[in-house]
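Here is a walk through one protein chain. Keep the sequence and the 3D view side by side.

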Amino acid sequence: MKVARIYLLLHVILTASVLVNTFDPITTTVVVGIGATLGRTIYKYFKESCNPQWIAFNATGLQKDLDSKLFGQHIASRIVLKAVNGFMNNDNPKKPLVLSLHGWTGTGKNFVSKLIAENIYKEGMDSSFVHVFTSELHFPHASEIETYKSQLQQWIKGNVTNCAHSMFIFDEMDKMHPGLIDSIKPYLDYYDKLDGVSYRKAMFIFLSNAGGESIIQTALDFWRDGRDRNEIELHDLETALSLSVFNNKKSGLWHTSLIDKNLVDFFVPFLPLEYKHVVQCAMAEMEARGFDPDKDVADQVAKDVIYFPKTERVFSVKGCKTIESKLDYYI
Ligand SMILES: Nc1ncnc2c1ncn2[C@@H]1O[C@H](COP(=O)(O)OP(=O)(O)OP(=O)(O)O)[C@@H](O)[C@H]1O
Ligand SMILES: *[C@@H]1O[C@H](CO)[C@@H](O)[C@H](O)[C@H]1NC(C)=O
Ligand SMILES: *[C@@H]1O[C@H](CO)[C@@H](O)[C@H](O)[C@H]1NC(C)=O
Ligand SMILES: [Mg+2]
């Protein structure tokens with residue numbers, strides 16, 4: 001349908017430019033004017049804008065992606081689906097949605113953020129309404145914290161003013177300066193409006209490794225007791241997570257009152273990945289590259305990965321993170 005429309009519009013413009021050569025200046029002006037209007041129409045049609053043509057939540061799509069693409073994260077999958085569904089189906093949310101994703105490296109935190117973005121924005125992570133901030137990239141120098149603070153506040157305000165359904169992803173949240181986190185707190189709270197701008201339809205996602213060790217300890221306890229990993233429930237992790245994260249005075253994240261003020265709506269724990277998940281990641285990667293997934297190759301890749309603790313070798317040290325590059329050696 002899109003192609004047919006471009007074709008038609010181009011045809012009209014080309015015809016118009018042929019006409020321009022054969023008519024007097026007044027007609028020329030008119031025709032050029034029409035051409036410019038058409039040009040703008042085409043441009044608007046293809047330029048991403050803040051409307052349902054470009055921003056539409058697909059609940060089925062998110063469920064399907066979490067079920068089929070995310071491995072070994074039954075708790076995270078359930079919480080994310082519930083949280084995003086509830087928020088996106090609410091026409092009048094009382095506050096922006098704030099998710100805090102925690103877990104060991106390579107367990108799927110960025111990956112899940114991407115799946116969420118892809119099922120809300122047509123352009124996914126490339127959308128101009130999705131903003132990713134990494135402390136090391138965007139806010140590297142502690143001495144410039146005051147500049148960063150006002151810059152970040154202006155960015156959030158400017159972007160939410162442009163589009164209420166904006167998404168902000170803060171990667172490596174545990175490396176973020178506490179002052180910087182403090183500066184975004186007002187936007188996460190239950191305000192009707194701040195300076196005439198409502199932030200209630202925005203979404204904030206925080207990613208960190210904070211609490212990763214305590215999640216691993218729980219997963220390891222289950223494993224040692226011979227219990228199924230899928231039996232781990234949120235409340236099994238919550239106590240350990242809150243002790244290690246919320247009381248860890250070393251972590252920048254928790255110097256702030258983000259938690260006691262209940263500004264985070266959902267804490268989402270990511271479990272460490274086992275051999276079988278690494279195999280699944282390798283199979284998925286082969287498929288993504290257009291190969292027939294080969295179980296033998298996937299096994300080879302998974303065997304090449306390092307596991308911990310040293311004695312039992314249950315969990316992948318880097319999760320699924322290096323699978324992509326490892327695969328190059330085998331195919
Ligand atoms: N649970 C998972 N299911 C499927 N694929 C995964 C999973 N975890 C990781 N991957 C794969 O590994 C890649 C790296 O994972 P990701 O970047 O999401 O890790 P992370 O949790 O953000 O780690 P870090 O804490 O180091 O930033 C992903 O792009 C994805 O391809
Ligand atoms: C939503 O996702 C499903 C499953 O991926 C897909 O079949 C469907 O076309 C999507 N709907 C829209 C409106 O994009
Ligand atoms: C939106 O955020 C980006 C950073 O992701 C920033 O570069 C841009 O200036 C912001 N836009 C406005 C209008 O503030
Ligand atoms: Mg990450």
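A residue counts as buried if 20 or more other C-beta atoms lie within 10 Å of its own C-beta atom. Met167 has 24 other C-beta atoms within 10 Å, so Met167 is buried. Keep in mind that this is a predicted model.

Stay with Met167 for a moment. Met167 lies in strand S3, which covers residues 167–171. Leaving aside neighbours within four places in sequence, Met167 is in contact with Ala117, Phe129, Val130, His131 and Met203. Leu97 sits 70 residues away from Met167 in sequence. In space, the C-alpha atoms of Met167 and Leu97 are 9.5 Å apart.

Now take the whole chain. The chain holds 13 helices and seven strands. Of its 331 residues, 34% count as buried. Consider the contacts in the chain with a separation of 6 or more: residues 24 or more positions apart account for 77% of them.

Strand S1 comes next. S1 spans residues 97–103, and Leu99 has its place there. Is Leu99 buried or exposed? Leu99 is buried, because 24 other C-beta atoms lie within 10 Å. Not counting residues up to four places away in sequence, Leu99 touches Ala83, Ile205, Asp265, Phe266 and Val268. Leu99 and Ile169 are 70 residues apart along the chain. Their C-alpha atoms are separated by 9.6 Å.

Helix H2 runs over residues 25–46. At 1.5 Å a residue, its 22 residues should span 32 Å. The end C-alpha atoms of H2 are 31 Å apart, which agrees. How many of the 22 residues of H2 are buried? The count is zero, and H2 is hardly covered.

Helix H9 covers residues 212–224. Its 13 residues should span 18 Å at 1.5 Å a residue. The end C-alpha atoms of H9 are 18 Å apart, which agrees. H9 does have buried residues: Gly212, Ser214, Ile215, Ile216, Thr218 and Ala219. An α-helix has 3.6 residues a turn, so residues three or four places apart point the same way. After H9 comes Gly226, whose phi is positive, near 70 degrees.

Helix H7 holds Tyr148. Tyr148 is buried, because 21 other C-beta atoms lie within 10 Å. Setting aside neighbours within four places in sequence, Tyr148 is in contact with Phe139 and Leu180. Tyr148 and His138 are 10 residues apart in sequence. From C-alpha to C-alpha, Tyr148 and His138 are 8.3 Å apart in space.

Around ligand 3 are His131, Gln154, Trp155, Gly158, Asn159 and Asn162. Which helix gives the largest share of this shell? Helix H7, residues 145–162, supplies five residues. By type, the shell around ligand 3 has one nonpolar residue, five polar and no charged.

Ligand 2 has its own set of residues. Around ligand 2 are Asn58, Thr60, Gly61 and Lys64. This shell divides into no nonpolar residues, three polar and one charged.

Ligand 1 has 18 residues around it. Thr105, Gly108, Lys109, Phe111 and Cys320 come nearest. Helix H5, residues 109–118, gives the most to this shell, with three residues. By type, the shell around ligand 1 has six nonpolar residues, 10 polar and two charged. Which domains does the shell draw on? At least three residues come from each of domain 2 (59–270) and domain 3 (275–330).

The last stop is the largest nonpolar core. Of its 74 residues, Val278 and Ala282 touch the most other members. Helix H11, residues 275–288, contributes the largest share of this core, six residues. The core draws at least three residues from each of domain 2 (59–270) and domain 3 (275–330). Not counting residues up to four places away in sequence, Val278 touches Leu273, Ala302, Val305, Ser316, Cys320 and Ile323.

How values were computed
Residues numbered from 1 in each chain as written. Chains lettered and ligands numbered in written order. Predicted model: local features only at pLDDT ≥ 70, side-chain atom pairs only at ≥ 80, totals over all residues. Helix = DSSP H or I, 4+ residues; strand = E, 2+ residues; numbered from the N terminus. Expected span 1.5 Å × (residues − 1). Buried ≥ 20, exposed ≤ 12 C-beta atoms within 10 Å, placed from the backbone. Contact = placed C-beta atoms within 7 Å. Near = placed C-beta within 6 Å. Nonpolar A, V, L, I, M, F, W, Y, C, P; charged D, E, K, R; others polar. Domains from an automatic or database assignment. Core = buried A, V, L, I, M, F, W, Y, C linked by C-beta atoms within 7 Å.
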